[in-house]
Structures are given as C-alpha cells and as structure tokens.
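Please open the model in your viewer and keep the selection tool at hand. The tour below moves from one selection to the next and says what is found at each stop.

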Amino acid sequence: MPLGGIGTGNVAICADGSLRQWQLHNIGNHAGALPSSFFAVRATRWEPPLDTVRILQSVPPASTGTPLVNDDEVPQWQRDLLARHPGVERTTFTATYPEATVRYEDSLLPLEITLHAFTPLVPLDVDASSIPAAMFTFRLVNTDSLDIHGSLGIAVQNAVGWDGISPIEGVRGAGYGGNVNRLRRADGWTAVELENVALADDAPGAGGLVLAADSDDASVLLQWRDPDEFVAFLRSRALASGAPRLAYAPGTPDPQRHAPASAVGPSPAGDTWNTGIAVPFQLAPGETREIRVALTWHFPNRYVNFEQFGPARPEWGRSKFWLGNHYATRYTDARDVFSRVRSEWNSLRAATEEWTGTLTRSGLDAEAVTHLAAQLVPIRSPTCFRAADGRFFGFEGTLGASTVMWSGAFGGSCPLNCTHVWNYAQALAKVFPELERDMRSTEFEIMQAPEGFVPHRVIAPAYLRQLWDSPIGGPDQPALDGMLGTVLKTYREYRAGAGLDWLRRYWPSLVRLMRHVDSTWNVTGTGMLTGVQPSTHDIDLAGLNTFQGTLWLAALRAAEEMARLVDSKAADNYRATFEQASHAYDSALFNGEYYVQQLQPGDNTDYQWVNGCLADQLIGQWWAHQLGLGHLLPPDHIQTALRSIVKHNLRHGFRDFVHPYRSFADTDDTGLLVCTWPHGGRPPVPTRYADEVWTGTEYQVAAHCLWEGLAEEAQLILDALWARYNGQRRNPYNQIECGDHYVRAMAGWSVLEALAGFSEDASAGVFRFRRPEWSVPFVASGGWGLWSPSSAGLTLECTGGRLEIRELLISGDSASGYRAFLDGSALPLRFSRDASGVRVGFSERVALVRGQVLALAL
C-alpha cells in the first residue's frame, strides 16, 4: 500500500511488514528497491538470559505468477538479508487506506509488535493530503512474565542523487557520491538528515530525506555500508548505554563507548551511506511502549522525464523542461517537512481517521470499505503530480508489468491528462475538487484549439506547442468521447461548487466545443453522431452507437442546464437536439436486449462491434445519473440493456479463454468483458480490447446498475472485481490496465455515491439521496458524513468538514411528513411528496460541522 501525498512520490508498506517500491524521485518504478532500508528489533532479558534479533519482515512467499502483476516481487537484497538474519514467523496486514496495520508475530519473541503506518489524507484538504512523508507508530507490548529491554531499529539508505531506476548494489548506485548524513536532536526527537553535497541545485536527484524517531536518547549509527553493521550495532546496545551524556553532548550519535564506529565524511564517488536509529526500551510485564518514526523527503526537480505523444520536435534541442514539484514550494527541504509532521502528528492522524472512521462506522462491509477507500490511491501514486506552478497533471497510469511489451517498466504511462480515460475517473473531482477544476482550466486555456476541438492529451510544460495539427496517439485524432466528457466534467465542477463566475469564464469555450462536435459529427439531420469517432479504445469507432451517443445525449443535457444559467436562448436549442437524438438512438439501436451499433455506408468495418454487446454502451447514462440529468433513453430499455450486459459479458472462469493482447483475468477469475457477441456475428477485426476486463468499466456498469435499482447485478460485478483484487494474487491498492494505478479504475467512486443515491448541487444547496436501508458514507463539496436510517426516521451526520444544505431530495421515500432537528433543536421546513420521493426544504441553509446531526423524524 503506497504511502505518500498528492504529487510527492511514494514508498509502499507491504503485507510482509517491509518497505518496497521506493518512488520518491519523480518517476514511477514498481521495482524501485532501496537496499538496507528496513525495521528490526532486538529483545533481551537479564535472567534467564535472552538475546534475539528479528528483522521485522516475514519470510517472502513464492511469486504468484499472476499475469501483468509485479506487486508481489521481493527485492533480492531483502531475501539476502533474511537469509543471514531471521525475520518474524508471520505478519498480519489490515488496512483502510491510507492507514495500515501490520502485526509481527514470532513465538521466540517475547513482544507483541504492531505497526501503524499512514500518510495524512483529509478529503477536500489538498495541503494536508500532499505531505511528502510516511508516518509509522510502533506499539511494543511485553508479553513475558519478566522485564524485557532492547532496541527498535530503523534503517534507511541515503538515496539523494539516485535516479529512481538504476539498480543499486549495496551502497553503489547511479548518481551517488558526496552523500552525507547529519544528526539532529531536538524537541524529544532524534533525526538524521540525508543529503548529497556533490549535487548541483538543479540536478534531477538533488534533494534530501529525514529519518527520525520520537526518542531523545536514541542511538544512531550515522553512516555505514552493510546491513550486518547495523545488526551488529543493535546487538551492541547495553543497559548502561551512556545516555546521560547526551544532556551535555546532544550532537553525539552514539553515547555508548563500546559500539561499532560510524564511517566519516562524504561518501566516495558512486557510493552512498546508510543510516540507522536504535530506540531503546525497557518494559515490565504487560507494559506498552509506543515509538513514532517519520520518513520525510524533498526532491524538487521534476523534469519532463517521459516521452510525449506527437511528432518529433527538433526545435526543442537539448531542453530538459523543468516542471518542478508543487510540494517543494510549500516546504523548503525535508527538514521543513519533518518539522510539520512532528508538530502536527496527532492532528493529522485525527483528521485522517475522521475520514477512515466514517467508512468503517458505516454499513459497508469490510470488503467494500477496503476497496472503496483504495479509490484514492491513484491520485497519490506516481500516476499523478503537480508542477511547481500548481498545475495538476495525470498520466493514464504508471508504467509497469502491464506495459513492458510496448513502453517499458519505468515512468508514466500515456501522458498527459488523457480526456477519454479521465472520463471514467470520479474520485479526484469529488474528494479534491480544486485539482479537478485545474484540469478543466488546462483543457480550455491550454489544450483547446482555435477551431474549438480539445485534443485528448496535453503537452508539458503547458507553454509548448499543443497537439492541434498532428496525430496524437491512442487514438490519432482528438477523441470524441474525451471532448464530450469535457462538457460533462464542466457541469460536474459547477455543481460541486466552482460557482457561476467560474462557469461564465469557460462558457464561451464550451460553446465553441459543442459547435465543433455538432458541425463535425451531427450532420445527418437526425441528431445522431456519425462518421469517424475516435475513442478510448485507441481506435476510430464508426456509425451509430450509444457509447458515443449517450455521452452526446448527456452533454446536450448538461449544456442545456448550464445555458439556463448563462445563455437561455441556447438552452432551448440544446434541448431540442437532445429530444430528437434520444428518440432516434433508441429507435435505431435497441434490439430488445441491448443497444447495438449500426454502421453506415462507407464506414470502416475494422474495430467495430456491430451486433455485439458492449459493456460501456450506456456510459452517458451513468454520467447523467451523477449529474441529476434524468434518463436519456427509455428507463425500461436501459434496465433491460444493463441486465443483458451482466448476463452476456460477466464471464466465470478464464482457463480456456484466449487473450489476444492483455490478461487482466485468468484461471478461475470472474470478470466483465469489454464486449461479447452473444448471438454470433463477431467481426473478423472486432473492437480493440473486446476480450479484456477493465476495472473502470466494471465499476461504471456496477454503479449504473445501482442507480437503476439493479442491486443484485451490481453486486455480481463488484464481487468478481474485488475477488480478483483481494490481496492474494492482485493488489487492492493497484488496479491495472495500461499501467499500474490506472486512473480509469477511479470510476469506483461512483459506486460509493450510487449506494447512497447521492448527488449534490452545491450552488443551490441541494442534496439528493435514496432512502437508506443502512448507514451509507458520502463526500459533499464542503464536508463528508453518514446518511442513515434511525428508529424515528432518518439522520444526516457530519463527520468531517462542513455541510450546507438548503434542500434534501429523498428518492424512494413515501413518508407523509417529517419534522427536522439539528442537535435536538427543531428547524422550520417545507415538505412535499411526489412519485419519485419526498422533498424537504429549509427556510435558509442549514450548516452542519463535524459531530452535528440533522434528524428527520416522522
């Protein structure tokens, strides 16, 4: 599970208790191994004698051999370390992202050792969620009947100067040389600052780390080469450690006179130093000690270290194109980061637990909590970053085992801000809306061409020539679905609180975009889109189809709603086109089971599905439910089509299944195929990726089923997805497609909202819910909370942030009346009821802060 903030890079805490996947250096590398970085413990007893050292890592299991997965790969240096020094017998891992708990168990260790690891994550608070730090709390309990003493060891390699990719042998690695470790003791903490004095300020690897423990009498082996040295250092610890000398000489790394010596001076060329802290403890039987450990980092020099789409640009010459990191504008160095972590540790943990506690207190089962909490991982993985100017960028994913056949294993996959893939991702917009608004700014201010179209990728830095007049790649021409998604996302951001002035700012750009779509593809007089339609399948779709068609219908409805706010004449035109197109699509394409594709004379037949059942055939309706736009096509046809998708595309067992390209489901897995031909007629060259299983599509279809009341069908899909990513063969914190931490998978956030039937129009203060059968969590534009049934009626509890409500719309409710109470005080309200549910309005906005409960009593 990755630890790190938005745009900061990560290090992963693993189920075996180790640290792996070091990705701090502005580049993705799931195989990023940093030798000599580990936790250990030495436990001793006076009488009867006991002296045991354990590396806090369980024995590595054999590789699962799962296709396109490398999360289970254990670096060779860890295997070598455990071959020389014993690890623990077993570990138990539990987590609600971003908090993980590892329990280390060993029958020969008279201690109960538990590690709590996290990086702060506070919905709607980008600053608190963007700290380049990993924070650990070890809890040691003496399970013996006699006193136990010893040391907790924390070791890490000085990685300043490393390129983040090149293999490291011991302390030898590319970019090393001139590394220096410096001791600091202050405010009850012992810290080591890791630097490299040989690097220029603008070197890609320049920066620093801090390793610290909350002990003022910890001993430090400041600079060493081999893990055996640090284990020997732990074994050298004595009760008479000389700790009182630190009162007079706090700059002394190790006050004990008989101990291994630290290396001195900067490391030689090509080498670095490791460092390690030993925190002493003495525990009576049953006594507990907690030790906090912080790892912070600061690598400000992000460059364009990825190959961008489009033609060669020889005029760029040797330019490296510095992008920088936004977090480096917030903190001067790793020491500054540590200062914040040290002073705000408790408040940051409490704020994080307000969110994770909301999930665990809800009626979601443990499996749903795990997977829905993990929806926020891609945002804080190497897939996403913020440049120094604050602009937010996202790859499609992080290159890894699923991309080695075409683009290698290191860096970002398919740069940047790919509109058609980000069409699926809902988590960023709902949890960190200011970052999603920044992506709209990039689309309208940077990416949009004078003709009105929006290419589906941005070139970075943003001042470079954009992809207006050249093949892009994946697909070659600007993706139609991506452009329609830009319209939908704009309305989503407005509803999430961007405000009317924000909408007016981009309205002319949006009108130009809609005109381009209309003039290019709506040319038959039917309202339906025809011609070459570049899509997220990395190819050109053709003919009449509801993949592009429902996105077009949703975009028309969204444009209509926005026009009613800023341009009423245009609203009627959008409405008229919508009504014409809706009837035409349904009449032409619904075959009684699902919506098919109808090719037109002259259309290219390659990469089409024609009579097939496409899982994403109703993606625009999924969007419409989230935006409160109503049904785009007849509801009974939509529900029939969804049932057919689950019936025909949800495959059970893949042992005899041939994957022409990528295998995201195998052996006895169950998964939703992108496209099937239940009645035959598969084209010789079918739609690309037809035989793959995309988690983003599975989440999209499952959430849509929930919106339509098809809970059983939704659960079948979710059970299959979550079983594949249950931590046994695939990582629940890394859903894969064209790379690791793939952003399409963030469609899963819509499942969380669909469970509650939740949507919000923040501008009007309107919250829409379904009548709940159990307590469901939600995140709104200003805060988050729980929507729950009660013995008296319904409750809405604010568990974080601030909720401002003018009106509640409750679908599926048949109540004849409610009384409203805020923390027991009655509130005046208006009540009405119609066939869809009930409407509860307040005379003025009701504001709830954390801990307050709005109760509706019958």
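**A helix across the strands**

Begin by selecting helix α2 (residues 227-235), which lies across β4, β5, β11 (148-157), β15 and β16 (274-283) and runs at about 160 degrees to β15. Helices (H or I, at least four residues) and strands (E, at least two) are DSSP runs numbered from the N terminus; axes are lines fitted to C-alpha atoms, for helices over the stretch in contact (heavy atoms within 4.5 Å), and angles run from 0 to 180 degrees between N-to-C directions. This is a predicted model, in which local features need pLDDT of at least 70 and side-chain atom pairs count only at pLDDT 80 or more, while totals for chains, interfaces and linings use all residues. Residues are numbered from 1 along each chain as its sequence is written, and side-chain values use heavy atoms, with hydrogens and water left out.

Next, select the open sheet of six strands, ordered β6-β5-β4-β11-β16-β15 with mixed pairing, where two strands pair if DSSP finds at least two bridges between them. Its edge strands, β6 (87-88) and β15 (219-224), each pair on one side only. Within the sheet, β4 (residues 38-45) and β5 (residues 50-58) run antiparallel and are joined by six bridges, and V41 stands opposite R54 in β5.

Finally, select F138, which, leaving aside its neighbours within four places in sequence, is in contact with residues including F39, L56, L152 and R289.
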